[in-house]
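Please consult the sequence and the structure shown below while reading.

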Amino acid sequence: MSANFAKCGSVLITGASRGLGLQMVKHLVGISERPQKIIATARSPDTAQKLHQIAKSHPEVYVVPLDVVNDASIEAAVQEVSSIVGPAGLNCLINNAGILIHGDLNSETREGMMTTFQCNTVSPLFVTRAFLPLLRAAAVCAGGVMSVNRAAVINMSSLLGSVELNREKASSYRVYAYRVSKAGLNMVTRGLALDLHSDGILCVVVHPGWVQTDMGGKQAPMTPQESISSLLSVICALSEKDHGQFLNYEGKNLPW
C-alpha cells in the first residue's frame, strides 16, 4: 500500500530539519498523491539547508520556525501556519520532534531526565493545544469521518515506551529518560483521544521502527526510507477504529 494524501489539505511536521522528520517531507513531495500544503518546522530554519533545498523546488512546502519547548515560538508558529492554511485549518499535525539522551541506571541525571521529558512528552501536548483552533477548523470544514483528511494528531513515540515490552525483547536497551518520556507521550495521546473525540479529531501514537538516523544509530535494521514509506502509508489510512491506539509502522497494535 502506498501513501495517498491527495484529499489531505495540509500536513505539519515538527522537527523536520533532519532524521525522520526530513524523510517525511522528502517522501511526501516525492509522491503524486501529496498533501496540498506541507508545513515543515525546524528549531533553526537558517541551518536547515536540506529542507530549504526541497522547499525551493516544491512550492507546496513551507518552512516555519518552531522550537517546541518555547511557548513564544509555538505561538508565533501558530500565527504563521494560520496564514498559510487559512479558513480551511490544519488537517494533520505530526508531533515528530524529539531527543535521545543516553543514560542508564548509573549515568542518568536529573537534568537529562527533565530535558528529555520537556521535549518528548510535555511539548507534544502544548504544541497540540496551541494548534487546536486550526485543527478544529479543519474538522468542521472538511467534515466526514475521522481521518488525516479531516483532522488528526499523530504523535511519534517508540516501542521503547511500552511498559509491557520492557520485560521482553525491548528490555535490553536501558535509556531511562527516553523510555519514560515515550511512555508519558503514550498517555498524553490517550488523554487527547478522549478530549478531542467529540471534535472529530483523530489521535494516534505511532512507532516508526528502529531506524538508521542520528538517534537510532547505524546498527539499526531499517533505513529512513523504509520506515517512513511504510509509516505514511499507515497514517493516511487511519480511521476512527484507530483513534487512541498505539500502532507500529506496519499498522499493528502495540502493547501499552
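Two strands are taken to pair if DSSP finds at least two bridges between them. The model discussed here is predicted. On that basis, strand β4 (residues 92–95) pairs with β5 in the parallel sense, over four bridges.

**The sheet**

Seven strands make up an open sheet, in the order β3-β2-β1-β4-β5-β6-β7, with parallel pairing. Because β3 (61–65) and β7 (246–248) stand at the edges and have a single partner strand each, one side of each lacks a neighbour in the sheet. Direction ignored, neighbouring strands of this sheet are turned by 20 degrees against each other on average. In general, strands of a sheet pair through backbone hydrogen bonds, in either a parallel or an antiparallel manner.

| Strand pair | Bridges | Sense | Residue pair |
|---|---|---|---|
| β2 (residues 37–42) and β3 | five | parallel | T41 and V64 |
| β4 (residues 92–95) and β5 | four | parallel | I94 and I154 |
| β5 and β6 | five | parallel | N155 and V205 |

Helix α3 (residues 71–85) touches β1 (10–13), β2 and β3, and its direction makes about 155 degrees with that of β3. Helix α5 lies across β5, β6 (202–207) and β7, and runs at about 160 degrees to β6.

Is β5 enclosed by the rest of the structure or left open? Five of its five residues are buried, so β5 is largely enclosed by the rest of the structure. A152, I154 and M156 point one way from the strand, whereas V153 and N155 point the other way, and all of them are buried. Strand β5 also belongs to a right-handed β-α-β unit, together with β4 and α4.

**Residue P124**

Helix α4 (residues 110–142) contains P124. This proline counts as buried because its relative accessibility is 5%, and the cut-off for that class is under 20%. Leaving aside neighbours within four places in sequence, P124 is in contact with N95, C119, N155 and L185. N155 is one of the buried residues of β5, and it stands opposite V205 in β6. Along the chain, P124 and V234 are 110 residues apart, and their C-alpha atoms are separated by 20 Å.

**Residue S162**

S162 is located in the loop between β5 (152–156) and α5 (176–196). Is S162 buried or exposed? With a relative accessibility of 2%, S162 counts as buried. Its side chain reaches the backbone oxygen of P255 at 2.8 Å. Not counting residues up to four places away in sequence, S162 touches R179, F246, P255 and W256.

**Annotated span**

For residues 9–166, UniProt lists "domain: Ketoreductase" in an unreviewed entry. In the model, the end C-alpha atoms of residues 9–166 lie 38 Å apart, and the span is 43% helix and 15% strand.

Notes: Residues numbered from 1 in each chain as written. Predicted model: local features only at pLDDT ≥ 70, side-chain atom pairs only at ≥ 80, totals over all residues. Heavy atoms only, no water. Helix = DSSP H or I, 4+ residues; strand = E, 2+ residues; numbered from the N terminus. Buried < 20%, exposed > 50% of the residue type's maximum accessible area, 1.4 Å probe, protein only. Polar contact = N/O pair within 3.5 Å; in protein donor to acceptor, adjacent residues only side chain to side chain. Contact = heavy atoms within 4.5 Å. Axes fitted to C-alpha atoms, helices over the stretch in contact; angles between N-to-C directions. UniProt positions renumbered as here; feature names shortened; annotations may be inferred. Right-handed = clockwise from strand over helix to strand, strands pointing away.
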